[in-house]
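Me: I have a model open here and would like to talk through a few of its details with you. Could you take my questions as they come?

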Amino acid sequence: MEMPIPNADILAKKSRLVERLLQVLPNEAVIHSENETKVYECDGLTAYRCPPLCAVLPASTEEVAAVLKICHEMNVPVVPRGSGTSLAGGALPTADSVILGVARMSEVLETDYENRFVRVQTGRTNLSVTGAVEEDGFFYAPDPSSQLACAIAGNIAMNSGGAHCLKYGVTTNNLMGVRMVMMDGSVVDIGGAHLDASGLDLLGVICGSEGQLGVVTEATLRILHKPEGARPVLMGFDSNEVAGACVSDIIKAGVLPVAIEFMDRPVIEATEAFAGAGYPDCEALLIVEVEGSDQEIDDQLDLICSIAERHNPVELRQSKSADESARIWLGRKSAFGAMGQINDYMCLDGTIPVSELPHVLRRIGELSDQYGLKVGNVFHAGDGNMHPLILFDANKEGDLELCEAMGADILRLCVEVGGCLTGEHGVGVEKRDLMFDQFTATDLEAQMVVKDVFDPKWLLNPSKVFPLSASEERMAS
Amino acid sequence: MLIPTDEKELADAISSAKGPLSIRGGNTRGFAADGTPLATTGLSGISLYEPGALTLVAAAGTPIDDIQDALAAEGQRLPFEPIDHRPILNSQGTPTIGGVVAANVSGPRRIQAGACRDSLIGVRFVDGQGTIIKNGGRVMKNVTGYDLVKLMAGSYGTLGVISEVAFKVLPAASSAACVLIEGLTDANAIKAMSRALGSPFDVSGAAHVPVGLDGTPVTMIRLEGFEKSVQYRANELKNILDEFGDINIELDPANVAKGWAWVRDATPFVGTNGDIWRISVKPSDAPELVAKIAPQSHLYDWGGGLIWVEVASGTDVRAAMRNIQGHTTRIRGDGHAPKFHPEAPLLAKINRELRQKFDPRGILNPSLMG
Ligand SMILES: Cc1cc2nc3c(=O)[nH]c(=O)nc-3n(C[C@H](O)[C@H](O)[C@H](O)COP(=O)(O)OP(=O)(O)OC[C@H]3O[C@@H](n4cnc5c(N)ncnc54)[C@H](O)[C@@H]3O)c2cc1C
């Protein structure tokens, strides 16, 4: 992966920059010594690392504005950062950029059950948003598996999803408003506690813009009352095809589960060895979860089981208690860790039309043989968001490159069958150079003009999302 | 009138246009701007529908009825329940799916299933230069690049002419019920709806009609799903709303459907002649705002978050909205006030610049949105 050569002029004015930043922030909020900036050298995509010029940790919207104003005046790029769990290198610094972390801004500003929203500072972690309202029976629906660590800031920037988004939608469907600081330091409020803000849907385009349009400091989030209960059923099948057909039949029958998770044999075996959840020995496994009262759950699970029966499952295990539910989820929840025990892995995130599932899984198997790298698949089947995990050995010369090449082939396959490069992790630097496989130059141009409006100097999180060849002219000027 | 029959012709029509174009689908929603009419009705048809994947793709000029029929045949539906504007506007014509998207038309189920923009997963459109652009796609999870799909929804043709749309659809509920509370004041109705919406019972509609068919106020709370579940939840709601007053449960599917179509289409304003405004606010702000506006008649949907008001023609209801977060759109009537809510200066600038980027010549529905 290529990054532009750091701008020597910017490197040369580091001390002047730090001096100015210290005028608007307390000492401990400006991190500039080389051994300390290293903390920010990467995000969840650890294959790429580069310490920033410096990092700042403002504590308020005003401080964010002051920092951006300085960087704007001095033409210094800024990389916004939440918790740094991005799997796409979205928060990867460049040597000539300032990391702007919002981690110190984690307050709940307003809780309103009558109108069903919370307003929080965006450094707050996803799980602690729910934490702030759950005693009163409420929750914030989007639940990325990283929810203990990841911040609302990153969730908004990546439009993150979660296991339960089949029913509740992803971040963009649960975000009602933001306060955002533009690169020149001006502050805008978009949307709020009312639905469907006026004018063009700027909120919709900010969500998922990967920190390239502004630094989001506050968010108004929709909260919901927790369902009375939830329970899953586990089903094992002889083939990926049959499991795929079963997913489609469940959806066609008019049930809308909150989650349909899919695991293939390599992942089943890995999780069994790792967590011993007692999964059956089979080719494909589905976990389907529904919500409601006890009776409602039973009724829905009965219907789902009757559909599954038609596909001759090798196992059908309907949870009757919290204990059984936990056991069914145990393997799925430890899937990434289990694969990590075997080797290093790269986690892809392409999405495909659900009907293409069997075909795509077969092709991934062929690619795995061709490249000689093992792949496990664990993903949200209801929405076609695949998570192929390619195993490789980071210490073995050439293995990372091989893995990246194979990953690119899988993502191209996703696009070829009508899907996309990324369903929830974002483009970042990781998929940046594949964008031409999904979009034409004019499609990308239409996206880049949006950035031109919000950030005319292209200082916010540059070198991400768009292939360098597409954006270099703008970044140079 | 220009009526291109495919996307290429649409692109040619726009690139060769010499002056303003007035973009329309069936022209049923009252948002026509000045200029040479350009209709999308020549681009029609469902090009892909996969019930097992909950996805549908159609050309922008496809009649909304065709789409709803195709979905109904598979027991599915558009989640966001778009309103039919014809009765209140007394407009003719066939509403199209592109018009629904361009105006982000969302009905009572907005509070549970989201707005039109939340179901929209892909668009193709032609910008003001005649360039064909694609964004999103046909899969329901997609964060590849910026989300111009949302930007196009509700842009009223000012950024581009939509040629194709893709949706995430949902199973239609096999059963529905309506919990009815009679005689509530506006303020109590909002409280009752808030309690219902803040319950675990998955409410899919909450409206308050200050003057019901028999003259007394009625608050309506809808539940949808499998029959047993709907009945269970209706009874649970009745229990938690008990203190508000007399509660009845309507279980007849035809009556429930009729009642909600009545709310969706803002039926109290059919055949009247005042101006109609649609106001979006935080529900708890709604009753006070209505008192300030003192409309001739009004209706609350979205648990109070959406207020329809009818006022004497020429009245600018925005005067009452000072100090209240929210916005309002004039749906019927002329008056001096702009149709769309004026933006804060910086937002107005961003809106304007975006329109300039997508339509540098300013020919697409010029000055419709500001
Ligand atoms: C184990 C693991 C599991 C995961 N599971 C999921 C999952 O299930 N679903 C899912 O969607 N993702 C998942 N992720 C990916 C990641 O957690 C999400 O992308 C998350 O939203 C990133 O949040 P963050 O706060 O860590 O953001 P960061 O990594 O700090 O940043 C992410 C992006 O947001 C931008 N950004 C940060 N703060 C701001 C701000 N204030 N204003 C504007 N832009 C900003 C950054 O510039 C960057 O582009 C997983 C990651 C890991 C490590």
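Me: Where in chain A is Glu210(A) placed?
Reply: In this predicted model, Glu210(A) lies in the loop between helix H8 (202-206) and strand S10 (215-222) of chain A.

Me: And what is its phi, for Glu210(A)?
Reply: The phi of Glu210(A) is positive, about 55 degrees, although the residue is not a glycine.

Me: Is Glu210(A) buried or exposed?
Reply: Glu210(A) has a relative accessible area of 4%, and because buried means under 20%, Glu210(A) counts as buried.

Me: What about Asp202(B), where does that one sit?
Reply: Asp202(B) is found in the loop of chain B between helix H8 (186-197) and strand S11 (203-209); it is not a glycine either, yet has a positive phi of about 55 degrees, and with 31% relative accessibility Asp202(B) is classed as partly exposed.

Me: Switching to the interface, how many residues does each chain bring to the contact?
Reply: Chain B contributes 72 residues and chain A contributes 95 residues, and the two chains bury about 6500 Å² between them, with 60% of that on carbon and sulfur atoms. On the chain B side, the residues that lose the most area to chain A are Lys141(B), Val143(B) and Tyr146(B), which together make up 15% of what that side buries.

Me: How many salt bridges are there between chain B and chain A?
Reply: There are eight salt bridges between the chains; one of them joins Asp201(A) to Arg117(B), with the closest N and O atoms 2.8 Å apart.

Key:
Residues numbered from 1 in each chain as written. Chains lettered and ligands numbered in written order. Predicted model: local features only at pLDDT ≥ 70, side-chain atom pairs only at ≥ 80, totals over all residues. Heavy atoms only, no water. Contact = heavy atoms within 4.5 Å. Buried area = accessible area lost by both parts, 1.4 Å probe. Salt bridge = Lys/Arg side-chain N within 4 Å of Asp/Glu carboxyl O. Helix = DSSP H or I, 4+ residues; strand = E, 2+ residues; numbered from the N terminus. Buried < 20%, exposed > 50% of the residue type's maximum accessible area, 1.4 Å probe, protein only.
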